[in-house]
Amino acid sequence: PRWARITSLLGFLTGDALSLPYYCDKRLRRWSDGLFHRRAIDKIFVFSSPMAQYVPSSLTQSKLIDFVDVDSDKWNQYADRKKWPLSSIYRREGQRLLAFDRKIANRFDRSIFVSKQEADLFARLVPEAVDRITHIDNGVDTDYFSGGINFPDPYKAGEEALVFTGAMDYWANVDAVCWFAMHVFPEILRYRSGARFYIVGARPSEAVRKLSRIDGVVVTGAVKDIRPYLAHARLAIAPLRIARGVQNKVLEAMAMGKSVLASAQALEGIDIIPELDITIAYTPNDWVERLVVAMRENTLPQCSPKNRNYVESRYSWEKSLNSLSHLLDEQ
């Protein structure tokens, strides 16, 4: 990654999105070029837009790309929350990446996104490709993420654990936990002395590690298994302020049968219905009020069979992969 960050600066000279030289690799290009020459390729499937640079424009085979998220919009969100010069760099990345994505969408037979919301956004940004844009829902391994397994309790007696899971060197996650720990959780602690905010995930940044200095905040770093932390938590929370696509952390918590309190951004790509044990919070006051009520009056139960059943029926890998198979057969 360190060398890739250096080589990504070539994008400033070529006018490309920095993501393209970041993911450019001579060995991979030699391998892919050789494959196209040696083998009778029938169909080409690309995962994420920077990988499309390995597909020569001259190829006439059926081509599908899974963009997953509208990453150009994510860079614009980053720009909105960063100071200059990073804001300028991120804004440029959003613009240049969208230009590249537009070119790819017009060359490929299908552009796939992880949710209807992502597909609709991309269709608004690239209207000329609207008839080739579709979505396939993300999936969850519901056998692995199952609350029915008897997990050991990682929490201390008397703790009401609010848990956030995710890679803790990813800036959107860092932003979320820092905001919650500094602007929401101290108020929660005033009302619920047993409340604890557990940040569970590998590679915590320095900013995340410093949060452990706040009373009641626990930064675990990497753990062998996140499921015990979800299984025994009072609530799973997702206070993301920057998000695109589908937040697997929310689906995994739901699959474990947990109630969830989340920001609107964290739920944007998930088809939420009123019957579920999920609540949306917006302002810091919203978060405090809804968390305190949920813990005091059990408006969000610790165990939610409704959330588990919904993920099993709506977001299973079997359902999603069948949709992908049908799409590949059509091309």
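1. Let's start in helix H5 (residues 71-81), where Trp 75 and Tyr 78 sit 3 residues apart, about one turn of the helix. Helices here are DSSP runs of H or I with at least four residues, strands are runs of E with at least two, and both are numbered from the N terminus. Please keep in mind that this is a predicted model, in which local features need pLDDT of at least 70 and side-chain atom pairs count only at pLDDT 80 or more, while totals for chains, interfaces and linings use all residues. Residues are numbered from 1 along each chain as its sequence is written, and side-chain values use heavy atoms, with hydrogens and water left out.

2. Now to the rings. Two rings of Phe, Tyr or Trp (its six-membered ring) pair if their centres lie within 6.5 Å; planes under 30 degrees apart are stacked, over 60 edge-to-face, and the rest tilted. The count by this rule is 18 aromatic pairs. The Trp 75 and Tyr 78 pair is edge-to-face, because the ring centres are 5.5 Å apart and the planes stand at 85°.

3. Trp 75 is partly exposed at 24%, whereas Tyr 78 counts as buried at 7%. Tyr 78 also pairs edge-to-face with Trp 171, at 5.2 Å centre to centre and 85° between the planes. Trp 171 itself is partly exposed, with 23% relative accessibility.

4. Another aromatic group deserves a look: Trp 179, Phe 180, Phe 185, Phe 197 and Trp 287 form one cluster.

5. Two arginines sit over tyrosine rings. The criterion is NZ of Lys or CZ of Arg within 6 Å of the ring centre and within 35 degrees of the ring normal. Arg 227 places its charged end over the ring of Tyr 144, 3.7 Å from the centre. Arg 314 lies over the face of Tyr 315, with 5.0 Å to the ring centre.

6. On to salt bridges, each defined by a side-chain nitrogen of Lys or Arg within 4 Å of a carboxyl oxygen of Asp or Glu. The whole structure contains 24 of them. One of these joins Glu 159 and Arg 196, at 3.8 Å from N to O. Glu 159 is in the loop between strand S4 (133-135) and strand S5 (160-165) and Arg 196 is in strand S6 (residues 195-200), so the pair ties together parts 37 residues apart in sequence. Arg 196 is partly exposed, at 23% relative accessible area.

7. Arg 227 counts as buried, at 12% relative accessibility.

8. Glu 268 and Arg 244 form a salt bridge with their closest N and O atoms 2.7 Å apart. Glu 268 lies in the loop between strand S9 (260-262) and strand S10 (278-280), and Arg 244 in the loop between strand S8 (235-238) and helix H12 (248-255), so this pair ties together parts that are 24 residues apart in sequence. Glu 268 is partly exposed at 35%, but Arg 244 is buried at 10%. Both belong to a network of salt bridges that links Asp 73, Glu 118, Arg 244 and Glu 268.

9. Next, the sheet. Two strands pair if DSSP finds at least two bridges between them. Here 4 strands form an open sheet with parallel pairing, in the order S1-S2-S3-S4. Strand S1 (43-47) and S4 are at the edges with a single partner strand each, so one side of each is left without a neighbour in the sheet. S1 and strand S2 (residues 62-68) run parallel and are joined by 5 bridges. Phe 47 stands opposite Asp 66 in S2.

10. Leaving aside residues up to four places away in sequence, Ser 111 touches Ile 65, Phe 67, Ala 105, Arg 132, Ile 133 and Thr 134, where contact means heavy atoms within 4.5 Å. In helix H7 (residues 116-125), the buried residues are Glu 118, Ala 119, Leu 121, Phe 122 and Ala 123, and their cover includes S2, H5, H6, S3 and S4.

Notes: Buried means under 20% relative accessible area, exposed over 50%, partly exposed in between (1.4 Å probe, protein chains only).
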